[in-house]
Every structure is written in structure tokens, then in C-alpha cells.
Amino acid sequence: MLPGAFGALPADVQAQVTASGRVGRWGRGELLFHPEDPAETLFVLLRGSVRLYRLGSGAREVTLDVHGAGALLCASALLPGEPCGMYAEAMDDAEALLLGRDVLTRLTQGQPGVAVALTEQITRQTRGVQERLSGLVFLEVSQRLALALLNLAEREGPWPEGGSLALRDRVSHQDLAHVVGSTRETITKLLGDFRSRGLLDLGYRRIILTDRSGLERATQEPLR
């Protein structure tokens with residue numbers, strides 16, 4: 001079963017899409033592609049998280065977005081003559097289905113549902129970018145952090161009624177800083193504040209969310 005919008009396709013079409021590409025795998029910290037790489041291949045993220053970033057002045061990394069399973073990476077592969085335009089770094093063990101432009105053309109011509117899935121997924125990601133930009137402008141870092149933690153919790157499945165939820169994925173303070181557009185030092189301080197308020201507990205590279213309603217309130221108003 002393919003993730004994201006492709007998961008709504010009939011099983012035989014999903015099998016055709018999978019058979020048309022090849023699977024790539026990367027470990028934490030490895031790059032899937034560079035800005036100058038020609039955008040000749042679309043990456044359909046099957047597993048893991050990938051950070052997209054560019055280098056600013058003084059080689060400062062500027063995170064553009066963080067994607068999970070189902071996301072399309074290097075979507076400029078849908079347009080001829082375009083570079084990838086950014087770095088893509090695996091934040092944990094990642095796996096992606098690689099589809100060349102010629103393959104995509106054949107798939108979309110032979111299976112209109114594939115074109116619909118591509119359009120739907122790109123629309124989702126565009127909306128996600130808009131929400132991220134709005135958050136950077138209108139929300140305080142503590143609010144963005146609470147939102148990020150709740151989004152990570154959604155990957156774990158149903159939240160136990162009245163209980164806590166441990167994030168299974170290894171999430172470092174730097175990872176969270178990339179996600180919310182802040183610094184590791186600020187995130188470390190805020191996690192300590194969240195812990196003192198009973199919103200979560202911390203272990204070695206492990207976060208246990210203990211108060212869902214409290215985190216939801218923290219998305220509405222910054223910590224004081």
C-alpha cells in the first residue's frame with residue numbers, strides 16, 4: 001500500500017506504480033539530492049522524514065519544510081529542464097520510490113488516476129507550506145512547538161484515553177528546531193518549560209506526551 005494520495009488508488013494501479021520505479025534508501029543525515037541535481041526523478045517518500053533546506057548567507061541552513069511518508073520530493077521533475085533547487089536530508093532512516101519523468105508520463109497517460117493523485121498530493125503540500133509560513137509569521141515558537149508535537153503524535157495512532165503517548169521515532173531537539181523554524185537552544189528551553197507544566201516527559205532521545213488537552217491549549221496561546 002502506497003502512502004499519501006497514492007493510497008487511494010486501486011490496488012492494481014498502486015502495484016503498477018510501484019513496479020514502474022525503483023526504491024532508494026538513505027540513513028539519517030544522508031542527502032537524497034542537491035540543489036544543482038537535474039530534476040529528472042520524482043521521489044515518493046515511503047518511509048521516514050526528510051528535511052528540505054537551502055543555504056543562506058554564511059552557509060546558514062534555512063529549513064524550507066519537513067515531509068513524512070506520502071510526500072512528493074523534487075516535484076520540479078514534472079517540469080522539463082528544472083533543477084531540484086534545494087537539499088533533501090533524511091532525518092531518520094528513509095525510503096522513497098523513484099519515478100523518472102518518462103515513467104511518469106506513461107503512467108499519467110495510461111492511468112488518469114495517477115495524475116489526480118499527483119495533483120492532490122501537490123495541493124496538500126502547497127497548503128502545508130502556506131500553513132507553515134503563516135505559523136512562522138503569526139505564532140510564537142512555543143505554539144509552533146506544541147503543534148509540531150501534536151502532529152508527530154498523529155503518526156502514532158489513537159491517543160490512549162486519559163493516558164500518555166510516547167513518540168516512537170527518534171526526535172532530537174535539533175530536529176524539532178528544524179520543524180518549527182527555531183534554534184536547538186530555544187527548543188531545549190521550551191521542552192523544559194513544557195515538562196515543568198506537565199505537558200510531556202523527556203528521556204534519552206525520547207519524548208512522552210502526557211497532556212493532550214494542555215498541548216492543544218498551548219497551540220492557542222504562547223507560554224507566559
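Tutor: Gladly! Keep in mind that this is a predicted model. A place to begin is Gly-198, which follows helix 6 and has a positive phi, near 80°.

Student: What makes the length of helix 6 close to the expected one?

Tutor: Helix 6 has 13 residues, and the expected value at 1.5 Å a residue is 18 Å. From first C-alpha to last, helix 6 reaches 18 Å, close to that expectation.

Student: Which residues of helix 6 are called buried?

Tutor: Buried means under 20% relative accessible area, and Ile-187, Leu-190, Leu-191 and Phe-194 of helix 6 are buried.

Student: How do you know that the buried residues line one face of helix 6?

Tutor: Look down the axis of helix 6: the buried residues fall within an arc of 105°, so they line one face. In general, residues three or four places apart point the same way because an α-helix has 3.6 residues a turn. On the other side of helix 6, Glu-185, Lys-189 and Ser-196 are exposed. The cover over the buried residues includes helix 4, helix 5, strand 10 and helix 7.

Student: Why are helix 5 and helix 6 called roughly perpendicular?

Tutor: Their axes come within 8 Å and cross at roughly 105°. Angles of 65 to 115 degrees count as roughly perpendicular, and helix 5 and helix 6 are therefore described that way.

Student: Which residues make that contact?

Tutor: Helix 5 brings His-173, Gln-174, Leu-176, Ala-177 and Val-180, while helix 6 brings Arg-184, Ile-187, Thr-188 and Leu-191. They divide into five nonpolar, three polar and one charged.

Terms used. Residues numbered from 1 in each chain as written. Predicted model: local features only at pLDDT ≥ 70, side-chain atom pairs only at ≥ 80, totals over all residues. Heavy atoms only, no water. Axes fitted to C-alpha atoms, helices over the stretch in contact; angles between N-to-C directions. Helix = DSSP H or I, 4+ residues; strand = E, 2+ residues; numbered from the N terminus. Parallel < 35°, antiparallel > 145°, perpendicular 65-115°, else oblique. Contact = heavy atoms within 4.5 Å. Nonpolar A, V, L, I, M, F, W, Y, C, P; charged D, E, K, R; others polar. Expected span 1.5 Å × (residues − 1). Buried < 20%, exposed > 50% of the residue type's maximum accessible area, 1.4 Å probe, protein only. Arc of directions from axis to C-beta.
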